[in-house]
Amino acid sequence: MLTVINSQQELEEFCANFLDDEPEFACIDTEFIRQTTYWPKLALIQIASPFRSCIIDPVGRNLSLEPFLRILRHPGITKVLHSGRQDLEIFLSLFQELPFPVFDTQIAAAFLGLGSGVGYDKLVNHFLNISIDKTSQHTNWLKRPLSKAQLNYAMDDVMHLRVIYPLICEQLQQKGRMDWVQDSFTALMSKEMYLIDIDKAWLKLKHQIRKWEALSILRDLCAWREEKARHYNLSRATFIEDKLLIDLCQVSFLSFESVLEFIKKYRHSIVSQNLTKEFYLRYSQAHRLTENKEKLGEIRQREMKQSLQKIYPKSQPDAVKERLQKLKDIINALANELEIPAHFIADKSDMESFSKEPSDDHKLLQGWKRNLLKDKLKTFLDFSEAQSH
């Protein structure tokens with residue numbers, strides 16, 4: 001029976017009974033809208049254990065979600081999600097903490113050979129031979145009332161998952177890969193993955209800037225945008241689109257009136273928010289810093305120049321190129337043999353850093369990867385050791 005909770009008393013009772021059951025796991029999903037806002041707008045929370053299930057509807061109810069938080073905090077209950085990064089971001093924004101422990105079935109499915117980024121519908125079809133009706137897929141989840149079909153669609157996200165989760169765990173145990181997935185889940189628990197350091201927001205932009213001075217200005221403008229977008233709860237693109245910042249930092253210093261004319265050509269909301277003077281002040285300060293190398297500091301200059309070197313790397317020596325290609329071949333062959341995505345074993349930066357400086361304590365030779373790679377990478381380490389003598 002579908003249970004929808006929209007009162008504080010119902011929520012308190014459900015969560016208390018849920019915890020009294022002492023379930024080993026809770027399957028959790030959320031529905032939300034995130035189009036023009038910085039933070040996602042929570043619309044529904046779906047939760048299911050082997051014993052009970054419900055939909056929590058917080059929209060317009062002024063509900064305190066503290067009872068639900070007690071479930072998220074419980075160390076003996078594994079929180080099972082599918083592609084749960086955005087759900088975790090919602091919980092972090094709501095509660096300033098992340099649930100623990102977690103289990104992401106999308107990641108686990110990849111370790112079982114189902115491919116990288118497997119969708120929920122494919123997961124359900126693979127394990128349960130059920131085809132999901134996607135009629136309600138594009139529902140405006142903040143609109144009320146929701147139809148029974150829409151609520152059932154949302155509820156199915158956790159009802160199927162509570163059947164699939166034990167099957168996935170069983171297969172991971174059979175393959176001896178449970179430790180492998182746990183390493184990946186640990187990365188999901190890093191708050192830095194969800195809360196961008198304001199001073200590092202510029203690293204998210206794709207650009208073709210080639211001067212470190214322009215990059216320094218971009219860094220400051222992005223930091224200002226990140227701070228204000230959070231404060232006004234506007235998406236970055238709604239507040240100021242990337243292209244405006246990238247283009248503005250590459251032209252000569254402009255007067256206030258010229259900047260106003262400049263930004264009219266782009267999507268933004270800083271005019272409507274009466275923030276043009278504040279934006280111009282940060283723009284002016286960023287320009288002045290690049291002109292005063294002493295005030296800017298050597299650390300900032302070095303950071304900008306190193307960033308440009310990563311974007312436009314110099315050609316590596318032939319020996320490093322050869323090691324890198326050999327390493328790629330090893331990783332790809334191993335990934336094919338294990339039927340898992342190659343980037344689960346090593347991403348581009350891992351392979352490049354190991355090729356330049358092979359080391360026994362490198363990330364590639366830590367944890368579950370060590371037993372798989374230590375023999376295959378022995379020639380790299382032997383070469384590195386011989387070079388050091």
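This is a predicted model: local features need pLDDT of at least 70, side-chain atom pairs count only at pLDDT 80 or more; totals for chains, interfaces and linings use all residues.
Which residues of helix 1 are buried?

The buried residues of helix 1 are L11, F14, C15 and F18. As for what lies over the buried residues of helix 1, the cover includes strand 1 (4-5), strand 2 (25-33), strand 3 (41-48) and strand 4 (53-56), together with helix 2 (66-73).

The length of helix 1 can be checked as well: its 13 residues, 8-20, should span 18 Å at 1.5 Å a residue, and the C-alpha atoms at its ends are 18 Å apart, which agrees. After helix 1 comes E22, which has a positive phi, near 50°.

Let me step back to the protein as a whole. Its secondary structure comes to 20 helices and six strands, and its C-alpha trace spans about 65 × 65 × 35 Å along the principal axes. Of the 389 residues in the protein, 47% are buried. If we take the contacts with a separation of 6 or more, 66% of them are accounted for by residues 24 or more positions apart.

Now to the helix pairs. Helix 12, residues 256-263, packs with helix 13, residues 276-291, at an angle of about 110°, and their axes are 11 Å apart. An angle from 65 to 115 degrees counts as roughly perpendicular, and that makes helix 12 roughly perpendicular to helix 13. The crossing in which helix 12 passes helix 13 is right-handed. From helix 12, the residues F256, V259, L260 and I263 meet T276, K277, F279, Y280 and Y283 in helix 13.

The second pair is helix 16, residues 318-338, and helix 18, residues 348-356, which pack at an angle of about 135° with their axes 9 Å apart. That angle makes helix 16 oblique to helix 18, and the crossing of helix 16 and helix 18 is right-handed. On the helix 16 side the contact is made by V320, R323, L324, L327, K328 and I331, and on the helix 18 side by M351, E352, F354, S355 and K356.

Technical notes
Residues are numbered from 1 along each chain as its sequence is written. Side-chain values use heavy atoms; hydrogens and water are left out. Helices (H or I, at least four residues) and strands (E, at least two) are DSSP runs, numbered from the N terminus. The expected span of a helix is 1.5 Å times one less than its number of residues. Buried means under 20% relative accessible area, exposed over 50%, partly exposed in between (1.4 Å probe, protein chains only). Contact means heavy atoms within 4.5 Å. Axes are lines fitted to C-alpha atoms, for helices over the stretch in contact, and angles run from 0 to 180 degrees between N-to-C directions. Angles under 35 degrees count as roughly parallel, over 145 as roughly antiparallel, 65 to 115 as roughly perpendicular and the rest as oblique. A crossing is left-handed if the near helix is turned anticlockwise from the far one by less than a right angle, and right-handed if clockwise.
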